[in-house]
Amino acid sequence: MTSTSTVARRACAALAVASASLHAAMLGHSPNVIAAGLLATMIVACLYCARELWRDGAARAWVVVALMNIAMIALHLPGPAHHHGTANAAAPPSSTLMAVATLLALVEVVAATAALYAGSRGRAVELTGTPDR
């Protein structure tokens with residue numbers, strides 16, 4: 001019988017595979033070799049995290065998932081650097097693929113944060129011997 005935490009962890013592994021798939025879909029649209037290389041690296045990283053989450057869901061894997069997705073969101077947020085110094089320029093419309101990728105990254109950050117919180121609460125009870133309040 002599979003526990004609830006195993007099902008949740010494996011669902012998050014499936015999200016990581018979905019992220020890899022989104023990066024693969026973007027690979028054909030990369031503007032240059034450097035961007036293609038970064039996308040290929042992210043595909044490998046997403047699949048690595050998916051494997052780690054599927055197998056055992058160690059805290060290290062959850063931390064990597066959270067940090068990679070936070071970095072992805074931060075890099076793709078519209079900001080002055082994306083407008084080449086023009087403060088009043090409107091942000092270019094993002095593609096549907098990028099919107100889906102950003103939403104998926106937000107979901108993964110929330111899931112990783114919840115998993116790390118739940119895991120740390122369980123360890124705190126083990127260390128202190130007092131029930132969580």
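I'll start with helix 2. At 1.5 Å a residue, its 23 residues should span 33 Å, and the end C-alpha atoms are 33 Å apart, so the two agree. Bear in mind that this is a predicted model.

Staying with helix 2, look at its two ends. At the start, Asn-32 has a side-chain oxygen within 3.1 Å of the backbone nitrogen of Ile-34. Just after the helix comes Gly-57, with a positive phi of about 60°.

Which residues of helix 2 are buried? They are Leu-39, Ile-43, Ala-45, Cys-46, Cys-49, Ala-50, Glu-52 and Leu-53. Note that Glu-52 is on that list. As a reminder, an α-helix has 3.6 residues a turn, so residues three or four places apart point the same way. The cover over the buried residues of helix 2 includes helix 1 and helix 3.

Now the whole chain. The protein has 4 helices and 0 strands, and along the sequence the pattern reads α-α-α-α. Of its 133 residues, 27% count as buried. If you take the contacts with a separation of 6 or more, 63% of them are between residues 24 or more positions apart.

The largest nonpolar core has 12 residues: Cys-12, Ala-13 and Ala-16, then Cys-49, Ala-50 and Leu-53, then Ala-61, Trp-62, Val-65 and Ala-66, and finally Ala-111 and Ala-112. Two or more residues come from each of helix 1 (4–27), helix 2 (33–55), helix 3 (59–76) and helix 4 (96–128). Helix 3 gives the most, with 4 residues. Apart from this core lies another, of 10 residues, including Leu-22, Met-26, Leu-39 and Met-72.

What does Trp-62 touch, leaving out residues up to four places away in sequence? The list is Arg-9, Cys-12, Leu-53, Gly-57, Ala-111, Ala-112, Ala-115 and Leu-116.

Helix 1, helix 2, helix 3 and helix 4 each give two or more residues to the lining. The largest share, 7 residues, comes from helix 3. Two names here have come up already: Met-26 and Leu-39 also belong to the core of 10 residues.

That is the tour.

Methods
Residues are numbered from 1 along each chain as its sequence is written. This is a predicted model: local features need pLDDT of at least 70, side-chain atom pairs count only at pLDDT 80 or more; totals for chains, interfaces and linings use all residues. Side-chain values use heavy atoms; hydrogens and water are left out. A nonpolar core is a set of buried Ala, Val, Leu, Ile, Met, Phe, Trp, Tyr and Cys residues joined through side-chain atoms within 4.5 Å. Buried means under 20% relative accessible area, exposed over 50%, partly exposed in between (1.4 Å probe, protein chains only). Contact means heavy atoms within 4.5 Å. The expected span of a helix is 1.5 Å times one less than its number of residues. A polar contact is a pair of N or O atoms within 3.5 Å; within protein, one must be able to donate a hydrogen and the other to accept it, and residues adjacent in sequence count only if both atoms are side-chain atoms.
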